[in-house]
Amino acid sequence: MTVSEVLIQGSGPEVDPEPRIKKIAGRSPMRIAMDRLLSDKIAMLCAVIVLLYILIAIFAPQLCRLFGVEVRAGDPVTDTDSFNYPIIGPPNYGFTWEAPLGLEPNSGNDLLAEWFYGARTSLMVAAIATIVSTVVGVVLGLIAGYSRGWGDRVVTFVIDLFLTLPFLLVAIAVSPMLVERWKENPAMLDNASLIALIVILTVFGWMGLARLIRGEVVSLREREFIEAAHVLGTPTHRILFKELLPNLVAPIVVSFSLSLPATIAAEATLAYLGVGVTGQPSWGQTILRAQNWFAEYPLFLYAPIVGIVVLVFALNLLGDAIRDAFDPKSFR
Amino acid sequence: MWAYVVRRCLVGVALIMALTLITFALFFASPVDPARFACGKNCSAEQRDVTRAALGYDKPFVVQWAGYLKGLAVGRDFPLDAEQRAAAPDQVTHCAAPCLGYSHLDSKTVNEMVADALPITASLAIVALVMWLIGGVLFGILAAIHQGSLIDRGVVGGTLVIYAFPSFAIAVFLLQYVAVKWGIVPLPRYTEIADGGLWAWFSNLLLPALTLALLYLAGYVRMTRAFVLESLSEDYIRTAKAKGLKSRTVVFKHALRAALTPLVTMTGLDFASLLGGAIITERVFTYHGLGMLTVDANNSSDLAVLVGIVLLAGMIVIIANIVVDVLYAYIDPRVKVA
């Protein structure tokens with residue numbers, strides 16, 4: 001091979017002496033989408049960021065030990081001065097490795113530990129709420145789409161009804177009641193606020209997907225393969241979950257990846273309004289407390305906000321990339 | 001056409017009834033005694049019984065619900081107990097239809113409280129709507145025309161970054177930096193047009209409305225961009241260009257039309273849900289609109305007010321839904337409602 005040939009053809013696999021026939025067949029839509037996603041650099045960067053957050057959430061205790069901080073170990077007497085300002089770190093003193101993000105005024109809790117555990121709360125609540133609402137949305141969407149007549153009408157009515165309920169209004173009004181009710185059960189005492197929060201996020205999270213799935217099923221059920229399954233006497237639950245569901249993977253994955261960041265933002269918003277996890281670190285709660293200190297102690301507020309913004313931004317971009325990967329019409 | 005409107009309205013009425021049922025079930029099935037909260041802190045057992053009778057909480061759930069529906073339709077008189085009304089006729093409060101309830105804590109009908117708060121929320125929603133529509137459509141078109149270029153990426157990326165901020169963060173930043181630290185605008189405080197004129201009204205609304213507008217901007221930019229892009233590749237756009245029309249005319253008159261229908265839908269529903277109260281924004285800027293009213297009612301456990309506001313917000317959304325669907329037929333000649 002001459003130099004000019006190498007220049008024209010390029011080196012590497014192209015100059016394979018036996019050019020193989022490109023394989024075309026045998027790639028499932030899932031595989032194609034996966035390949036497109038893996039070749040998307042921005043999406044991969046976002047995936048890495050999200051993975052980092054997940055690791056932080058999982059290994060929060062170990063990370064705290066690594067930085068030598070302890071969660072919820074602040075003592076208002078020894079860690080804050082007589083004006084409730086922390087005795088080390090910002091805002092009155094410089095940076096210290098004893099508390100890299102400083103201590104919280106009033107309580108003296110370490111803010112880095114609070115941040116690590118806040119990631120845990122945020123991700124856990126959002127993940128559980130999104131998974132449950134996805135399951136609910138898929139099941140109700142399948143039922144509505146596949147059952148003509150009354151089943152469809154009832155589910156559609158319920159979807160419309162829940163879409164008219166104002167989310168924040170109902171959330172801040174209902175959550176104290178849920179907490180109140182569950183507090184009586186000693187087994188749920190610790191987690192009452194957590195469970196109430198997840199329930200609220202779930203109850204308001206399933207309608208969009210249910211509508212989407214219903215629409216897809218309405219058009220899918222007229223197709224030949226469903227008719228064939230029907231004629232063969234396949235039981236309904238088999239048609240729903242073995243025939244229809246695999247065809248709905250794309251909208252479900254896309255909807256999941258886009259509603260996860262929305263749920264994280266909603267969780268933070270609710271926490272800011274005083275609804276949500278109490279007794280455990282949470283970014284929204286930190287922001288709520290940090291607001292009054294903003295003028296003197298901005299880092300207090302910035303840390304949790306950066307946490308939320310970066311995570312939501314990365315998840316949103318990732319969700320967009322996943323949607324584009326599944327969309328045969330889009331080119332990236 | 002009319003058959004469709006009537007059918008939609010009937011479904012709307014059914015939805016409103018279901019909505020009242022759900023809110024009622026939620027609030028009165030709660031473990032707290034509504035009469036205890038309605039009566040206030042220092043309340044003897046007798047007073048509580050009087051309050052319970054006055055608000056009808058001693059009746060079965062279905063009777064209460066029916067009474068509430070009746071109030072919505074024709075209005076009612078408080079206290080609900082006929083004997084109490086006869087005993088003190090001068091203290092009877094008439095709540096005209098659509099009666100949303102009576103707040104025993106404030107000794108006011110919920111309608112009065114809503115009437116005080118709604119103009120504030122509505123002003124906020126209107127100014128925000130204008131901001132995000134102008135911004136969203138202009139940036140969306142800008143991004144679409146320069147598809148794939150740096151401008152496109154900048155606009156889409158920028159709106160996504162803003163979108164990633166929780167709404168309270170935007171509000172807090174705007175308040176702390178623009179108003180407090182830099183002093184560019186005075187601290188926002190709601191001023192009625194009648195009090196301070198149009199400019200005072202607007203300049204005080206600037207920051208809270210901007211918060212809301214930024215919140216909604218991303219969605220509108222992306223949707224305008226997507227629909228304009230789609231229509232820019234259509235044949236009729238090529239025809240329009242080939243005719244020698246100015247590119248401004250092509251974009252605004254021909255390409256934008258395709259984005260109009262989804263824009264109207266989205267605007268209608270977003271505006272309607274905003275009218276239910278922009279809780280976060282109102283709270284950060286302490287605007288005493290519907291959102292603040294909810295927060296206050298929640299703090300004082302004023303169930304009657306909460307029920308009334310949830311219902312009102314739901315009803316606005318239901319009505320907006322119907323209006324938008326009917327508007328569809330006028331904007332988009334391809335839509336035929338059967």
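Is B:Cys95 buried or exposed, and at what relative accessibility? B:Cys95 counts as buried because its relative accessibility is 1%. Buried means under 20% relative accessible area, exposed means over 50%, and partly exposed lies in between, with a 1.4 Å probe and protein chains only.

This is a predicted model, in which local features need pLDDT of at least 70 and side-chain atom pairs count only at pLDDT 80 or more, while totals for chains, interfaces and linings use all residues. Residues are numbered from 1 along each chain as its sequence is written, chains are lettered from A and ligands numbered from 1 in the order in which they are written, and side-chain values use heavy atoms, with hydrogens and water left out.

**Cysteines**

A disulfide is a pair of cysteine sulfur atoms within 2.5 Å. By this rule there is one disulfide over all chains. It joins B:Cys95 to B:Cys99, with 2.2 Å from S to S. The link of B:Cys95 and B:Cys99 is right-handed, with 110° about the S-S bond.

| Residue | Relative accessibility | Class |
|---|---|---|
| B:Cys95 | 1% | buried |
| B:Cys99 | 1% | buried |
| A:Cys46 | 4% | buried |
| A:Cys64 | 3% | buried |

**Nonpolar cores**

A nonpolar core is a set of buried Ala, Val, Leu, Ile, Met, Phe, Trp, Tyr and Cys residues joined through side-chain atoms within 4.5 Å. The largest such core has 170 residues, and among the members that touch the most others are A:Trp115, A:Phe116, B:Phe27 and B:Trp132. Helix α14 of chain B, residues 303-331, gives the most to this core, with 16 residues. Helices here are DSSP runs (H or I, at least four residues), numbered from the N terminus. At least three residues of this core come from each of domain 1 (2-105) and domain 2 (112-299) of chain B; domain bounds come from an automatic or database domain assignment.

Contact means heavy atoms within 4.5 Å. Leaving aside neighbours within four places in sequence, A:Phe116 is in contact with A:Ile56, A:Ala60, A:Leu63, A:Cys64 and A:Phe67. A second, separate core has 14 residues, including A:Ile213 and A:Leu244.

**A proline in a helix**

A:Pro251 is found in helix α13 of chain A, residues 249-272. A:Pro251 has a relative accessible area of 15% and is therefore buried. Apart from neighbours within four places in sequence, A:Pro251 is in contact with A:Leu209, A:Leu212 and A:Glu216. A:Thr134 is 117 residues from A:Pro251 along the chain, and their C-alpha atoms are separated by 11 Å.

Notes: Helix = DSSP H or I, 4+ residues; strand = E, 2+ residues; numbered from the N terminus.
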